[in-house]
Amino acid sequence: PETTAAAADEGAGCTSDGVLTVGTILPVTGDLAFLGPPEIAGADLAVRDINEAGGVLGADVVLEQGDSGDTTTDTANLEVDRLLAAGADSIMGAASSAVSKTVIDKITGACTIQFSPANTSPDFTTYDDNGLYFRTAPSDILQGRVLANVVLDDGNETVSILYRQESYGIGIADALKGNLEENGATVDEFLAYAVDTESFDAEVDALISAGSDAIIVVGFAESASILTTMNERGIGPTSDTVAVYGVDGNLGIQSELADPTILEGFKGTVPSVDLATITDFTARLDENGADGQYAYGAETYDAIVIIALASAVAGSDDPSLIAAEINGVTRGPGEKCTTFADCIALIDAGTEIDYDGIGGPYDFADEGEPAAASFRIWTYDETGEDNTELDTYVFAS
């Protein structure tokens, strides 16, 4: 995409009313609804902390929360219309890369910033977004590298990959396949399924026939049905004959299962800060409805703080001017700061900043996304919960 500076030069003069307004299209409903609670809570907490520290441009930041639904509905499109009409300078979301693709042109074409805390499709790195699209989540090129390393380090030599056929699934599956094969593994089956698939008998038959050492499932809520069928056929996570892995889209599926204990041994990756170091923050998320789910809560919080800091540096709520400052506030050069209150004090004093947030440092590349990221390696225990006691972190770049 264009650099944000170039976009600002071309787009300066977008609407500005002196009040920073942030809308959200986060998953209240749809196949990623289990990711909604921490993201929605993160947005609320960010705006609360910003306003308690004095707001931006001499006024409180306004938050307008909305739903994204999924690709089977028109929810995101309708919500974007509502938020644009409400004067949103930035729209936070969607969580799903496929949903974001349905609205990115409308948002950025309206000279409004789109900022996702959870989009991971590699397609967004080079998307023609007028320099107005950003994300705090890393590209799946990085997650594919990390998960491939986990699978190989566990001693697996042959792997089958089952993935949903849309931008998220295709992006991470391609990255997995490439990294596995480059490091000597054989990919026996590379199977895509339509997002509206209801029965996975044929796919599981193919996985059984492949007889791989490991199976990787790249899905959303439908992974509950996939893993149930796999368990019934003797190749689920509790099996002694095959290792089963997943990705960030699979987290939270225990709520979709009648018997979550079938997840015991299910292992995978999620872009994540070290949760043990942010217990105060996760406690605040829980107080605001996260209910023990933390994926992308920190990334949502930080995205809104980054927007607010960039607005303060720009001295405007004009989205094109904010966009021109976003990359800089995440990577400097400038003095490191870790809270909005500390950062805004430095800005007010005329000091350049380098915001290292709860989920950071992010060090955005020119494309408006993290140049590197940390990942948590999660494992479901005998209760069917992600109760990983010792988190493993891999830094990829």
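**Disulfides, strands and rings: a reading**

Author: If the bonded cysteines of the protein are numbered in sequence order, the pairing is 1-2, 3-4. Bear in mind that this is a predicted model.

Reader: How many disulfides does a search of the whole structure find?

Author: The search finds 2 disulfides. One joins Cys14 and Cys111, with 1.6 Å between the sulfur atoms. The other joins Cys337 and Cys343, whose sulfur atoms are 2.0 Å apart.

Reader: What is the torsion about the S-S bond of Cys14 and Cys111?

Author: The torsion is about 50 degrees, so this disulfide is right-handed. In the chain, Cys14 sits in the loop between α1 (4-11) and β1, whereas Cys111 sits in the loop between α4 (97-109) and β4; the two are 97 residues apart, and the pair links distant parts of the chain. The link of Cys337 and Cys343 is right-handed too, with 105 degrees about its S-S bond.

Reader: Is Cys14 buried or exposed?

Author: A residue counts as buried under 20% relative accessible area. Cys14 has 13% relative accessibility and therefore counts as buried. Cys337, at 4%, also counts as buried, and Cys343 is buried with a relative accessible area of 0%.

Reader: Now the strands. What is the order of the open sheet of 5 strands?

Author: The general idea comes first. Strands of a sheet pair through backbone hydrogen bonds, in either a parallel or an antiparallel sense. In this structure the open sheet of 5 strands runs β2-β1-β3-β4-β5, and the pairing is parallel. The edges are β2 (62-64) and β5 (133-135); each has a single partner strand, so one side of each is left without a neighbour in the sheet. From one strand to the next the twist averages 25 degrees.

Reader: Which helix packs on the sheet, touching β1, β2 and β3?

Author: That is helix α3 (residues 75-85), whose direction makes about 170 degrees with that of β1 (21-25). Helix α11 (residues 319-331) lies across β4 and β5 and runs at about 40 degrees to β4.

Reader: How many bridges join β3 to β4?

Author: The parallel strands β3 (residues 90-93) and β4 (residues 113-116) are joined by 3 bridges. Across this pairing, Ile91 stands opposite Gln114 and Met92 stands opposite Phe115. The chain passes from β3 through α4 to β4 in a right-handed β-α-β crossover. On to β5, β4 again has 3 bridges and a parallel partner, with Gln114 opposite Tyr133.

Reader: Which residues of β4 lie on one side and which on the other?

Author: In a regular strand the side chains alternate between the two faces of the sheet. For β4, Ile113 and Phe115 are on one side, Gln114 and Ser116 on the other, and all of them are buried, which leaves both faces covered.

Reader: How many of the residues of strand β8 are buried?

Author: In β8 (residues 214-218), 5 of the 5 residues are buried, so the strand is largely enclosed by the rest of the structure. Both faces are covered, with Ala214, Ile216 and Val218 on one side and Ile215 and Val217 on the other.

Reader: Which strand does β8 pair with over 5 bridges?

Author: Strand β6 (residues 158-164) does, in the parallel sense, and there Val159 has Ala214 as its bridge partner. Strand β9 (residues 243-246) is joined to β8 by 3 bridges and also runs parallel; Ile216 stands opposite Tyr245 in this pairing. Between β8 and β9 the chain crosses through helix α8 (residues 223-232), and this β-α-β crossover is right-handed.

Reader: Last, the rings. How many aromatic pairs does the structure hold?

Author: A pair of aromatic rings is described by the distance of the centres and the angle of the planes. The structure holds 12 such pairs. Among them, Tyr362 and Phe364 form an edge-to-face pair, 6.2 Å centre to centre and with 70 degrees between the planes. Both Tyr362 and Phe364 are buried.

Reader: Which residues do ring pairs link into a cluster with Tyr362 and Phe364?

Author: Phe115 and Phe134 join them in that cluster. Phe115 is also one of the buried residues of β4.

Conventions. Residues are numbered from 1 along each chain as its sequence is written. This is a predicted model: local features need pLDDT of at least 70, side-chain atom pairs count only at pLDDT 80 or more; totals for chains, interfaces and linings use all residues. Side-chain values use heavy atoms; hydrogens and water are left out. Two strands pair if DSSP finds at least two bridges between them. Helices (H or I, at least four residues) and strands (E, at least two) are DSSP runs, numbered from the N terminus. Axes are lines fitted to C-alpha atoms, for helices over the stretch in contact, and angles run from 0 to 180 degrees between N-to-C directions. Contact means heavy atoms within 4.5 Å. Buried means under 20% relative accessible area, exposed over 50%, partly exposed in between (1.4 Å probe, protein chains only). A crossover is right-handed if, with the strands pointing away from the viewer, the path from the first strand over the helix to the second runs clockwise. A disulfide is a pair of cysteine sulfur atoms within 2.5 Å. Rings of Phe, Tyr and Trp (its six-membered ring) pair if their centres lie within 6.5 Å; planes under 30 degrees apart count as stacked, over 60 as edge-to-face and the rest as tilted.
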